[in-house]
Amino acid sequence: MYRCRSFRRCSRDIHRSTEGAAYSVNTTWSPYGIGVNLLAVPAYVLSKWIGHFGVLASLINPVLTATSAVVIYRISRALKWSAFQGLAAAVSYGVLSLALWYTVELLSEPGVTLCVLVIILGLVRWRQGSPLAPLWIGLAAGFAAQLRTDSVFTVWIALLAIPLIVPWSSLFQKRALAS
């Protein structure tokens, strides 16, 4: 741990301690966006009334993971899977993957995962003719970039699959929101 009295001195000390490293920690930007902080705002406001910010903040990622399981179930039902298969997929995600571990830390991965799942659900719904699907895809892609700035490269790649999944005729329709 570094105990610093000024930002310049602290960044200089950190830079000296990592001179032999292959990466630079003396940057003015962070790979993490403001998305997790935005998700913590309601917990902070609620904690001003009832207290226990730590408890409320620790509920953010479990709620995101549970919401991801619900979106997985909705994707499976949109793909015409049986209810049992959808439930098995959702429970498998929540219990058998690393999602369970990510619920104990306040990291951005559960939020990015939820955004990716919403993009997938939006693609499936767009193929089925839902008029709000492009809006959900755009909102999820935008918020994924707010959670982690590297999502521009990792998550937005999925947007290149839109012409492969969505019919060409619906790609160029005039939408009410765009006019």
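pLDDT is the predictor's confidence in each residue, from 0 to 100. This is a predicted model, in which local features need pLDDT of at least 70 and side-chain atom pairs count only at pLDDT 80 or more, while totals for chains, interfaces and linings use all residues. Residues are numbered from 1 along each chain as its sequence is written, and side-chain values use heavy atoms, with hydrogens and water left out.

The protein chain has a mean pLDDT of 82, and 79% of its residues reach 70 or more. Helices (DSSP runs of H or I, at least four residues) are numbered from the N terminus. Confidence is lowest in helix H1 (residues 7-17), with a mean of 44, and highest in helix H4 (residues 60-78), at 96. Over residues 1-18, pLDDT stays under 50, and the model has 8 contacts for them beyond four places in sequence; a contact means heavy atoms within 4.5 Å. Where pLDDT is low, the predicted coordinates should not be read in detail.

Next comes a single residue. Alanine 161 lies in the loop between helix H9 (151-154) and helix H10 (162-165). Alanine 161 counts as partly exposed because its relative accessibility is 23%; buried means under 20% relative accessible area, exposed over 50%, and partly exposed in between, with a 1.4 Å probe and protein chains only. Leucine 123 is 38 residues from alanine 161 in sequence, and the two are 8.9 Å apart in space, C-alpha to C-alpha.

How values were computed:
Helix = DSSP H or I, 4+ residues; strand = E, 2+ residues; numbered from the N terminus.
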